[in-house]
Amino acid sequence: MRISVIGCGYLGAVHASAMAELGHDVVGIDVDERKISQLAAARPPFFEPGLPEILESATASGRLRFSTDIAAAAEADVHFIAVGTPQQASGYSADLSYVDAAFESLLPHLRHGALVVGKSTVPVGTAARLANRLADAAPHAALAWNPEFLREGFAVKDTLEPDRLVYGVASDGHVDATSVLDHLYRAAVEAGTPRIVTDYATAELVKVAANAFLATKISFINAMSEIADASGADVTALADAIGHDARIGRRFLNAGVGFGGGCLPKDIRAFTARAEELGVGHSLAFLKEVDQINLRQRQRVVDLAVAALGGSAYRKRIAVLGVTFKPDSDDVRDSPALDVAVQLKGLGAEVVATDPEGVENARRRHPQLEYTTSIDEALADADLVVLATEWRDYRTLDPADAGRKVATARIIDGRNALDPAAWRAAGWQYRGIGRP
Ligand code: UGA
């Protein structure tokens, strides 16, 4: 099929490449000239495992092109809207200006029978509003909402082999959106991937409900970690034990510095704002608590660091391992790790932050910190080490070896990613989150 993907960020660039990989003819469009010229040269503008390979093969095959000109979408029959919906500068609502601008710019280029497919995470009601606009401006085209569940770090696999497909379609559609999407995702559909066809509102809600549930799960275990700290229990053993209950499940029950990134934090806030607009704010009041618990975790890690240093971080050299919001990503948006590093710096510490992929992005946001990509340089003469993002390189550090590099062997394991017994045996003063 001939496809356009509007917005070539973490979502759109992967989606465009994966669709071309599946054999479709794709044009990726973005207003950012730098991004487009990098993608056109088969260089991903961000770190995502597996993306360089499919981008390379798809551009080489001629099935994937990039443009900054929305008119390049005119040839396509299916148009994905994959632009960002960040938190508004003032308030908790989602900023829909990118979605609206992409949609409006596309209208003059829609062929007869074209299908516009929303992928961006939007407040419930957005699709119905856009469908009304389409009915006026381009009645020969149709709209579907097809939320995306990809995780950064696994984005390519999640796009090529999704665990479910959700199509929000119009009940009286003159374009058979379900058949078009089935054809597009034929490989996944034929592999038996669960597929839910529903109305617009449900499709929009599925996405934010999923992220709200995941955020709640993480904040739940972080709340348990506070109780564990207050009572001398071990939150990791607790998570293992409750996780054996299939109704609960062990995944997303890792206590630590909390969730961040471009999705979970802003999605729960936009969801509460939308619920309030709908007059049912009380239904999601608990998500404010989820947000509070999450933000408190950052403060807890800072407090633990200060306590480990004997009450003051002033002029102490602190190595912060990890700045990205999760491993296998270079994304530092709303990163708890970077937040902790910045707060420690604010307390007068000499912070040296390291990360395998995130240093460049972190430096752009917080140039006041000292950065290195070398773990050894970060550890050198440190009075304290804070593990803030559980990259494999940090999880597999040898405590004896690391102990020889630092000034004092003290570590705060902000992700409960290390074996406390092994680190203590190697002479480290070890402190995890909710672990005795
Ligand atoms: C999240 C969802 O998992 C995806 O399904 C969704 O498609 C995506 O948002 C989106 O809306 O686009 P992502 O932001 O890539 O994906 O990251 P997650 O893997 O969900 O991790 C989010 C944060 O939670 C990270 O900071 C991670 O470190 C933290 N986390 C995760 C924990 O603190 N504990 C856990 O047990 C799991």
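How far apart do the C-alpha centres of domain 1 and domain 3 lie? In this predicted model, in which local features need pLDDT of at least 70, side-chain atom pairs count only at pLDDT 80 or more, and totals for chains, interfaces and linings use all residues, the two centres are 37 Å apart. Residues are numbered from 1 along each chain as its sequence is written, and side-chain values use heavy atoms, with hydrogens and water left out.

**Domains and their contact**

- The chain is divided into domain 1 (2-198), domain 2 (207-291) and domain 3 (297-431), with bounds that come from an automatic or database domain assignment.
- Seven residues from domain 1 and 10 residues from domain 3 take part in the contact between these two domains, where contact means heavy atoms within 4.5 Å.

**Interface of domain 1 and domain 3**

- About 700 Å² is buried between domain 1 and domain 3, and carbon and sulfur atoms give 45% of this area; buried area is the accessible area (1.4 Å probe) that two parts lose on being put together, summed over both.
- Of the area that domain 1 buries against domain 3, Tyr 10, Phe 47 and Glu 152 supply 77%, more than any other three residues.
- One salt bridge is found across this interface, a salt bridge being a side-chain nitrogen of Lys or Arg within 4 Å of a carboxyl oxygen of Asp or Glu.
- Glu 152 forms a salt bridge with Arg 333, and the closest N and O atoms of the pair are 3.3 Å apart.

**Ligand surroundings**

- The ligand is surrounded by 21 residues, of which the closest are Leu 150, Glu 152, Lys 207, Asn 211 and Phe 325; a residue counts as near if one of its heavy atoms lies within 4 Å of the molecule.
- A polar side-chain atom of Lys 207 is 2.8 Å from an oxygen atom of the ligand, while for Lys 326 an N or O atom in the side chain lies 2.8 Å from a ligand oxygen atom.
- For Arg 415, a polar side-chain atom lies 3.1 Å from an oxygen atom of the ligand.
- On its own the ligand has 720 Å² of accessible area, 90% of which the protein covers, with accessible areas taken from the Shrake-Rupley method with a 1.4 Å probe.

How values were computed: Polar contact = N/O pair within 3.5 Å; in protein donor to acceptor, adjacent residues only side chain to side chain.
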